[in-house]
Amino acid sequence: MTERFGTAALRDELPARLGYTLPAVVAPMFLVSSAAMVEAACKAGAVAAYPSLNARTSAGFNEVLDRLDRNLEGANGAGYAVNLVTHRSNPRFAEDLEICAAHRVPLIITALGSPAPAVDAVHAYGGLVFADVNSPRLARKAAAAGADGLILVCSGAGGHTGTMTPFAFVDEVRRFFDGPVIVAGGISSGAGIHGALALGADLAYMGTRFLAARESDAVAGFKQMVAECSFDDILCTDAITGALANKLRPSIVAAGIDPDSLQSGKAFDLSALEGSVNTWKDLWSAGHGLGAVTGSEPVGEIIATLKDEFAAATRRTRRWTAAA
Ligand SMILES: Cc1cc2nc3c(=O)[nH]c(=O)nc-3n(C[C@H](O)[C@H](O)[C@H](O)COP(=O)(O)O)c2cc1C
């Protein structure tokens with residue numbers, strides 16, 4: 001018999017435990033997620049994640065959490081999450097984890113490495129650890145390492161992307177995991193959130209839909225490019241960081257690189273452009289769902305729209321559940 005992981009009861013407890021009224025997480029985005037964005041999303045009823053490395057120092061990160069605790073207290077909104085890079089190349093991991101423990105951050109999202117280094121410390125103060133994974137193999141490893149929930153990064157995601165369709169990925173993971181599952185990749189509408197739940201997930205994970213939001217820290221040119229571009233402008237390549245990522249072609253051109261000259265499968269040598277091109281600062285990333293972004297709206301309005309779309313999608317499918 002296959003070994004099973006995860007706690008089924010946690011799926012039922014999650015909405016009350018995290019206090020969300022829309023089953024969605026505003027995903028962590030390097031150099032984009034701001035304290036204001038997280039605060040606005042939580043107040044509007046969605047969980048929102050802050051990447052600890054978006055604060056330049058651990059002291060600055062501590063100040064962000066102080067602000068979130070202060071401003072969200074009594075707001076009757078959703079809880080916030082922190083995104084920690086667990087890879088050994090992150091020198092701030094231990095210090096930032098301690099800060100999360102001191103603030104009793106309800107949800108820690110681990111990325112670019114195993115959740116194992118975070119699990120004991122987070123469980124000790126009663127928090128949850130969800131691991132970001134992009135294959136069933138990594139999902140099983142993360143579950144075995146003690147992750148309470150899994151974030152399945154599927155094809156079409158902004159930033160580093162997965163390659164698997166969510167239809168197969170959720171099914172695959174449900175064969176061995178009973179705990180909460182979040183789906184990521186190209187979800188930019190309330191219908192998409194509804195679809196993720198229909199697949200057997202508990203929440204949808206959305207980055208691109210919030211890239212150009214008023215509270216986003218993305219530079220003006222990035223926000224404008226996301227609003228003007230469509231799926232046809234996306235290049236999925238591993239030539240930039242060594243891992244597959246969805247990038248906006250016009251940002252690659254603006255950096256003086258010919259997108260069609262990038263060689264898949266081998267590390268792209270940026271040394272000739274050193275000092276002028278920064279992988280994250282200059283080569284902008286967005287997912288397949290960027291068509292939904294047409295301008296810079298306040299986070300609260302985006303979430304209100306998503307709630308309406310989610311309710312409409314629920315009504316559309318009701319005739320089939322009623323007939324069953
Ligand atoms: C500009 C950008 C920066 C990102 N930075 C991070 C990050 O720092 N940490 C992380 O775990 N994921 C990061 N991601 C991935 C998102 O958290 C999430 O998986 C993704 O946005 C979901 O797909 P979607 O953009 O199609 O909604 C980033 C995505 C984008 C678009």
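Colleague: Does H3 pass H4 in a left-handed or a right-handed crossing?
Modeller: This is a predicted model, in which local features need pLDDT of at least 70 and side-chain atom pairs count only at pLDDT 80 or more, while totals for chains, interfaces and linings use all residues. Residues are numbered from 1 along each chain as its sequence is written. Helices (H or I, at least four residues) and strands (E, at least two) are DSSP runs numbered from the N terminus, and a crossing is right-handed if the near helix is turned clockwise from the far one by less than a right angle, left-handed if anticlockwise. H3 passes H4 in a crossing that is right-handed.

Colleague: Why are H3 and H4 described as roughly parallel, and at what angle do they cross?
Modeller: Angles under 35 degrees count as roughly parallel, so H3 and H4 are placed in that class. The axes (lines fitted to C-alpha atoms over the stretch in contact, with angles from 0 to 180 degrees between N-to-C directions) of H3, residues 58-72, and H4, residues 93-102, come within 10 Å and cross at roughly 20°.

Colleague: Which residues of H4 make the contact with H3?
Modeller: Contact requires C-beta atoms, placed from the backbone, within 7 Å. H3 contributes Ser-58, Phe-61, Asn-62 and Leu-65, and H4 contributes Glu-95, Asp-96 and Ile-99.

Colleague: Which residue in E11 is the bridge partner of Cys-236?
Modeller: Strands pair if DSSP finds at least two bridges between them. Four bridges join E10 to E11 (residues 245-248), which run antiparallel. The partner of Cys-236 in E11 is Asn-246.

Notes
Parallel < 35°, antiparallel > 145°, perpendicular 65-115°, else oblique. Contact = placed C-beta atoms within 7 Å.
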